[in-house]
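Please keep the sequence and the structure in view while reading.

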Amino acid sequence: PAGAEVWLDGEKVGTTPWADPERVSGAYDVELRKDRYLGHRSRVTVRDGEETAEVATLEANWGDLRVDSAPQGAAIALNGEATGRTTPYEFRGLKPGAYQVGLALDGYGRSVEMANVQRKGSSAVNADLDAKLGLVSVLSSYENGEPCSGDLYVDGEHAGQTPAKLEMLAVTHTLEVRCPKGRAGTTVAVT
């Protein structure tokens with residue numbers, strides 16, 4: 001690809017495509033460097049009155065990494081740095097090497113996996129995240145203290161009748177009870 005740094009005898013002289021119409025005759029060590037590509041080295045001889053050309057194809061030096069989790073939507077960190085991405089996601093063009101892949105999702109345990117990204121290869125990490133659960137007891141009564149038995153809704157989904165004991169994901173939930181003479185709602189942070 002174009003845009004590679006051109007080094008002659010250890011001195012950076014420009015980027016490709018590059019030309020020097022007044023280069024003094026002689027032999028030069030040529031090196032081409034470009035991020036995410038393997039470098040190229042050669043020895044070029046320039047002669048008086050002749051045009052000398054060096055053409056090189058730099059080989060890609062990156063791989064891809066696909067990260068997924070069950071459940072999906074976990075925040076992804078690579079080598080301890082937040083990426084701003086959530087599962088599922090494919091990182092393209094990563095430098096080859098070992099990566100520590102951290103996954104975190106509210107209400108679920110964290111997971112740390114290792115991945116080895118190979119040049120011109122594709123690696124994958126798939127992690128099952130364990131749910132963190134808490135117990136919630138729900139009792140309902142009218143303002144005058146009279147108990148009522150009503151339909152219980154958790155996050156908008158019907159979850160049975162009150163009174164109820166529910167094992168719930170350890171995040172904040174919205175609860176609503178609908179009794180014959182009224183309804184009420186609240187939020188609860190399950191730990």
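Strands here are DSSP runs of E with at least two residues, numbered from the N terminus. By that numbering, Lys120 is found in the loop between β10 and β11 (122-128). The model is a predicted one.

- Four strands form an open sheet in the order β7-β6-β9-β10, and their pairing is antiparallel.
- The edges are held by β7 (81-86) and β10 (111-117); each has a single partner strand, so one side of each has no neighbour in the sheet.
- From one strand to the next, the twist averages 30°.
- Seven bridges link strand β9 (residues 97-104) with β10 in the antiparallel sense.
- Within this pairing, Gly102 has Val112 of β10 as its bridge partner.

**The sheet with β14, β13, β16 and β17**

- A further open sheet of four strands has the order β14-β13-β16-β17, with antiparallel pairing.
- At its edges stand β14 (157-161) and β17 (182-189); each has a single partner strand, so one side of each is left without a neighbour in the sheet.
- Direction ignored, neighbouring strands of this sheet are turned by 25° against each other on average.
- Strand β13 (residues 151-154) and β14 run antiparallel and are joined by four bridges.
- Val154 has Glu157 of β14 as its bridge partner.

**Pairing around β1**

- Strand β1 is joined to β2 by four bridges, and the two run antiparallel.
- In this pairing, Trp7 stands opposite Lys12 in β2.
- Four bridges also join β1 to strand β3 (residues 26-33), again in an antiparallel arrangement.
- Here Leu8 stands opposite Val30 in β3.
- In a regular strand, side chains alternate between the two faces of the sheet.

**Cis peptide bonds**

- Most peptide bonds are trans, and most residues other than glycine have a negative phi.
- The peptide bond from Ala70 to Pro71 is cis, with omega near 0°.
- Pro71 lies in the loop between β5 (63-70) and β6 (75-78).
- Thr87 and Pro88 are also joined by a cis peptide bond, with omega about -5°.
- Pro88 is placed in the loop between β7 and β8 (89-94).

- Asp9, a residue other than glycine, has a positive phi near 50°.
- The location of Asp9 is the loop between β1 (5-8) and β2 (11-15).
- The hairpin of β1 and β2 has two residues between the strands, and Asp9 takes its positive phi there.
- Lys120 has a relative accessibility of 59%; the cut-off for exposed is over 50%, so Lys120 counts as exposed.

Definitions and conventions
Residues are numbered from 1 along each chain as its sequence is written. This is a predicted model: local features need pLDDT of at least 70, side-chain atom pairs count only at pLDDT 80 or more; totals for chains, interfaces and linings use all residues. Side-chain values use heavy atoms; hydrogens and water are left out. Two strands pair if DSSP finds at least two bridges between them. Axes are lines fitted to C-alpha atoms, for helices over the stretch in contact, and angles run from 0 to 180 degrees between N-to-C directions. Buried means under 20% relative accessible area, exposed over 50%, partly exposed in between (1.4 Å probe, protein chains only).
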